[in-house]
Amino acid sequence: MKRIINFIILFLVLHIGNMVAPDRIVTTGWKETLIAAVICMVFEVLLSLVLYAFLGIGMVVISRTMSVLMLILIVAAAILAAFILPGIGLYLVDRVRPEFAIHGILTYGVLIVVLNLLAYSDKPNQSKKE
């Protein structure tokens, strides 16, 4: 359910972004935006699997060497990669689909921030019970 909601958010952000700034987010129509959103979500799932594998291998290395610095580096890399995962997916879609283009590093930055702010997380709230 989380991925479906995030997919809808991604599609809406790209479609509205194309309407607001057509020179920055270029598509041939809503169908191309829908295809780009599907491809982006597939790339995000594949990249997150690679990230989890990297994190798992890192944990094995940490358990062998007991290096705190390695643990800090791996956790920081995982957090950073998870934050910019939508941007990486959009970059790959931009390279794969000629009908879909995003122009400018600033545009990628804005899209990453907007998608991370609007992303749905199914984690329960940690509210205090009195």
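Which residues of the largest nonpolar core touch the most other members? They are Leu 10, Leu 14, Leu 90, Phe 100, Ile 102, Leu 111 and Leu 115, out of 18 residues in that core. Helices H1, H2 (30-65), H3 (68-96) and H4 each give two or more residues to this core. H1 gives the most, with six residues.

**Overall layout**

This is a predicted model. The protein has four helices and two strands. From the N terminus on, the elements run α-β-α-α-β-α. Of the 130 residues, 30% are buried. The exposed surface comes to about 8800 Å², and carbon and sulfur atoms supply 72% of it. Take the contacts between residues at least 6 apart in sequence: 71% of them join residues at least 24 apart.

**How H1 meets H4**

Two packed helices are described by the angle between their axes and the distance between the axes. Helix H1 covers residues 2-20, and helix H4 covers residues 105-118. The two pack at an angle of about 145°. Their axes are 10 Å apart. The crossing is right-handed. On the H1 side, the contact is made by Ile 9, Leu 10, Val 13 and Leu 14. On the H4 side, Leu 111, Val 114, Leu 115 and Leu 118 take part. These contact residues divide into eight nonpolar, no polar and no charged.

Ile 102 is one of the core residues that touch the most other members. Beyond four places in sequence, Ile 102 touches Arg 24, Leu 90, Asp 94, Thr 107, Tyr 108 and Leu 111.

Ser 48 lies in helix H2. Val 26 has its place in strand S1, residues 25-26.

| Residue | Relative accessible area | Class |
|---|---|---|
| Ser 48 | 7% | buried |
| Val 26 | 30% | partly exposed |

Why does Ser 48 count as buried? Its relative accessible area is 7%, and buried means under 20%. Val 26, at 30%, is partly exposed, a class that lies between under 20% and over 50%.

Their contacts can be listed too, leaving aside residues up to four places away in sequence. Ser 48 touches Arg 3 and Leu 85. Val 26 is in contact with Asn 18, Glu 99, Phe 100, Ala 101 and His 103. Among these, Phe 100 is also one of the core residues that touch the most other members. What separates the C-alpha atoms of Val 26 and His 15? The distance is 9.7 Å, for two residues 11 apart along the chain.

Technical notes: Residues are numbered from 1 along each chain as its sequence is written. This is a predicted model: local features need pLDDT of at least 70, side-chain atom pairs count only at pLDDT 80 or more; totals for chains, interfaces and linings use all residues. Side-chain values use heavy atoms; hydrogens and water are left out. Axes are lines fitted to C-alpha atoms, for helices over the stretch in contact, and angles run from 0 to 180 degrees between N-to-C directions. A crossing is left-handed if the near helix is turned anticlockwise from the far one by less than a right angle, and right-handed if clockwise. Contact means heavy atoms within 4.5 Å. Ala, Val, Leu, Ile, Met, Phe, Trp, Tyr, Cys and Pro count as nonpolar, Asp, Glu, Lys and Arg as charged, and the others, Gly among them, as polar. A nonpolar core is a set of buried Ala, Val, Leu, Ile, Met, Phe, Trp, Tyr and Cys residues joined through side-chain atoms within 4.5 Å. Buried means under 20% relative accessible area, exposed over 50%, partly exposed in between (1.4 Å probe, protein chains only). Accessible areas come from the Shrake-Rupley method with a 1.4 Å probe; for residues, only the protein chains shown count as cover.
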